[in-house]
Amino acid sequence: MKTIAYCAFVLLGVIWGSNFIFMKWAADYITPQQVAFLRVVFGFVPLLVFAVIRGEIRIRDMRYIHHFVVMAFLATAIYYFAFAKGAALLLSSVAGMLSGAIPLFTFVTALLFLREERPTPKSLIGVALGFAGVVLIARPWQLDGAQMADGGVSLVGTAYMVGGALSVGCSFVYARKFITPLKLSAVSLSTYQIGIATAIFAIATDYTNIDAVFSDPKTALGLVVGLGILGTGLAYILYYFIVANLGAMAASGVTYLPPLVAMAVGIILVGEPLASLDVVAMMAILIGVFLQQTGKRIIPVTKEISENKAA
């Protein structure tokens with residue numbers, strides 16, 4: 001079973017890492033908000049089927065709907081929209097590299113809002129190194145709007161990626177404080193979360209010309225299968241399968257793969273330019289995340305809760 005779990009680990013990293021090029025393709029035809037909406041729609045369907053088959057949908061869980069709404073905003077709606085917007089303004093490889101900073105934002109928000117998280121010199125060095133990598137990718141000393149083909153990076157696009165990473169970081173903290181004590185199934189929570197996010201986008205999205213994305217078979221396939229069915233629906237199922245078979249700490253290591261995959265896809269398959277500074281920046285982020293993950297100190301309350309918090 002562990003061999004299958006490790007295969008799922010690699011597959012999940014490839015799926016998440018390839019999402020950025022699919023978002024960029026779709027953004028050529030429809031708005032980032034429409035991209036996010038269609039992504040959750042096509043991701044929610046397999047999740048719902050999986051949850052129903054497992055008998056994970058329960059009416060009594062709706063007493064916690066206020067928590068599900070918060071998670072839907074932080075971990076799906078804001079996150080998906082911000083990343084879709086960032087991917088539209090940046091090279092897909094650059095957007096993917098910036099996504100590697102998610103654990104850094106999670107750590108910072110946890111330090112601010114969770115008493116059991118305590119910084120160590122090693123973790124603080126990791127955070128500083130990781131954010132230095134983000135700054136190197138953003139290149140704030142360059143004028144915004146520089147041509148990406150010439151190595152320029154949109155500060156607005158970087159800001160959206162940072163905002164999306166921050167939103168996910170806040171969602172982890174919220175989940176630790178309010179969701180973990182509920183003892184809900186991870187499959188149930190994911191289904192409620194994505195379902196509510198789908199409803200949010202359905203209300204807020206402008207549908208004008210949303211069908212334009214289906215005029216290009218390659219782009220439509222990337223959106224429906226790559227972003228929706230695989231990148232949202234299957235990705236959640238794979239993640240929780242990995243957690244169950246390898247443990248939460250091992251599963252968290254999957255965040256190292258998407259930046260590398262996104263860079264490889266953007267450069268090798270799409271022909272995007274690669275600046276040497278971007279390589280340095282990505283290594284700074286990955287090393288920073290490694291130091292932060294291995295250097296953090298958690299004050300446990302119980303063994304079970306401590307393991308849940310690590311997730």
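**Talking through the aromatic rings, helices and surface**

Me: Is Y80 buried or exposed?
Reply: Y80 counts as buried, because its relative accessibility is 3%, and the word buried stands for under 20% relative accessible area, with exposed being over 50% and partly exposed lying in between (1.4 Å probe, protein chains only). Keep in mind that this is a predicted model, in which local features need pLDDT of at least 70 and side-chain atom pairs count only at pLDDT 80 or more, while totals for chains, interfaces and linings use all residues. Residues are numbered from 1 along each chain as its sequence is written, and side-chain values use heavy atoms, with hydrogens and water left out.

Me: How many aromatic pairs does a search of the whole structure find?
Reply: The search finds 9 aromatic pairs. In one of them, Y79 and Y80 are tilted, with 5.1 Å from centre to centre and 50° between the planes. Rings of Phe, Tyr and Trp (its six-membered ring) pair if their centres lie within 6.5 Å, and planes under 30 degrees apart count as stacked, over 60 as edge-to-face and the rest as tilted.

Me: What about Y79 and F83, and why is that pair edge-to-face?
Reply: The ring centres of Y79 and F83 are 4.9 Å apart and their planes meet at 70°, so this pair is edge-to-face.

Me: Where do Y79 and F83 sit along the helix?
Reply: Both belong to helix α3, and because they are 4 residues apart there, about one helical turn separates them. Helices (H or I, at least four residues) and strands (E, at least two) are DSSP runs, numbered from the N terminus. Y79 is buried at 18% relative accessibility, and F83 is buried as well, at 4%.

Me: Which residues form the aromatic cluster?
Reply: F20, Y79, Y80 and F83 together form one aromatic cluster.

Me: New topic: which helix holds S171, and what does S171 touch?
Reply: S171 lies in helix α7, which covers residues 155–179, and leaving aside residues up to four places away in sequence, S171 touches M71, L74 and A75; here a contact means heavy atoms within 4.5 Å.

Me: Switching to charges, how many salt bridges turn up in the whole structure?
Reply: The search finds 2 salt bridges, where a salt bridge is a side-chain nitrogen of Lys or Arg within 4 Å of a carboxyl oxygen of Asp or Glu.

Me: Which residue lies over the face of W25?
Reply: That is K218, at 4.3 Å from the ring centre, and the charged end of K177 sits over the ring of F178, 6.0 Å from its centre. A charge sits over a ring if NZ of Lys or CZ of Arg is within 6 Å of the ring centre and within 35 degrees of the ring normal.

Me: Last one: what does the chain look like overall?
Reply: The chain has 13 helices and 2 strands, and buried residues make up 52% of its 311 residues. Among contacts with a separation of 6 or more, 86% join residues 24 or more positions apart. The accessible surface of the chain is about 13,700 Å², with 71% of it belonging to carbon and sulfur atoms; accessible areas come from the Shrake-Rupley method with a 1.4 Å probe, and for residues only the protein chains shown count as cover.
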